[in-house]
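Try each one before you read the solution.

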Amino acid sequence: MDKHKTQESEVQLITENPEFLEDLDSISEGGIPIDELHPDAMYWFNNRMTNAIYDNFYSRLKKCPFMPNFFQLGVDRFDCIVPDTPELELAFGRSSNEIEGVHPVMVRSSWISDLQNQLLLDCQITPCYYNEKMLGVDHILALYQSYPDMQAVIEFDYGYFSFELMDALYSNEFKRFIFRLNENQLKEIPVQLNPGEDKIVKFQLTREQTREFQYDREFRHHLLSTTYKIRFAKPIVGVNPDGSPKYLAIATDIFPEEVSLDQLVDAYKDRWTAETNYDYLKNDLIIDQFSDQTLEGIQREIYASCRLFNIIIGVAIEKRKKIKKAAQTSKKLNHQNQNQEILEKDQQEAKLKYSATFREYKDELLDISREENLSLRPRLTNILMSKVNRELVPMIRQRFYK
């Protein structure tokens, strides 16, 4: 399941036009997968398309509330049951947890979500037993390769923390991290904190802590010789049923002079966007209902869902921009009635009307990819974009009912 193997010479990609989302007739070949529809090619195209959105719409995208020059990213994973075939069992393995009396064949996928803009920056597809620590490292390597200059605060949930991942982010000024920890991970440092405390700790790793890297002597020496300066905090976020304080345990390289403890709590709450994206992918794009029973087919369908999701979000970003531009133009015309109507629209956001019909759009995207007439593909892609655009409806504020 190697990534990044598709060479630029195998495809022709045109994304220089900064208005490639504004005009549906100007959709470039970068919006179309290549002939053989190899999963690695789809992965590569997804990254190129998302890269183009960030390059061309940088000033219109929302940034992190507490670090305005940084994007706010969140990492999360989910497992899907796939058809029980020998090929898929060999590729993905069986779940260790019994579900309905059996151990199903499951695929694990992990995603990086832009928590302010909803875009999916990276998707890793692995066997179900692949742990989150390695997934986190894979994601960071993909970010360094696809978005080397992007300034981002990256938030990780339980399971992703590792010394290798912490080290990969520690010395990069463009990538800052927030890990949620459990008590056992705090003991590994070791650091003792009471609820409500916030400390900056300097420490070096021990040989015991770096034993898993004993066969990579150079990297292990690097870990052992580095002094880390990390902020650990236990912000209180509520009260448990027994009356004890409810708190988070956080490790970050963002220090108090940059971000307050309350802002760290708010940042972690923003991770809910990653959960929301999963809900959309599962219940609206129906990502866990596969029509193919081959390894490449499963990978294709997951990447197609990722691609379609980002197409939808990209159209939403463009539609919000057009609503705002229309309001500004109307102001200049000074037509009171029309101005009032468009100003009201300016207070709204283009909200996605998600529905199960997006399942059809994913199938349509796959069909476009299989179209043998290459000259027909751009037209079919334009039609698909038009359909997605019609699915966007204004979100009217101050309503009591949906």
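**Exercise 1.** Among contacts in the protein between residues at least 6 apart in sequence, what percentage join residues at least 24 apart?

*Solution.* Start with the ground rules: this is a predicted model, where local features need pLDDT of at least 70, side-chain atom pairs count only at pLDDT 80 or more, and totals for chains, interfaces and linings use all residues. Residues are numbered from 1 along each chain as its sequence is written, and side-chain values use heavy atoms, with hydrogens and water left out. Next, take a contact as heavy atoms within 4.5 Å. The share that joins residues at least 24 apart is then 70%.

**Exercise 2.** Is strand S4 buried or exposed?

*Solution.* Strands (E, at least two residues) and helices (H or I, at least four) are DSSP runs, numbered from the N terminus. Buried means under 20% relative accessible area, with a 1.4 Å probe and protein chains only. Now go face by face: Ala 152, Ile 154 and Phe 156 are buried on one side, and Val 153 and Glu 155 on the other. That's five of five residues in S4 (152-156), so the rest of the structure largely encloses this strand. For the whole protein, 51% of the 402 residues are buried.

**Exercise 3.** Which strands pair with S4 in the parallel sense?

*Solution.* Pairing takes at least two DSSP bridges between two strands. S1 (residues 71-81) pairs with S4 over five bridges, and Gly 74 stands opposite Glu 155. S5 (residues 175-180) also pairs with S4 over five bridges, with Ile 154 opposite Phe 177.

Methods: Buried means under 20% relative accessible area, exposed over 50%, partly exposed in between (1.4 Å probe, protein chains only).
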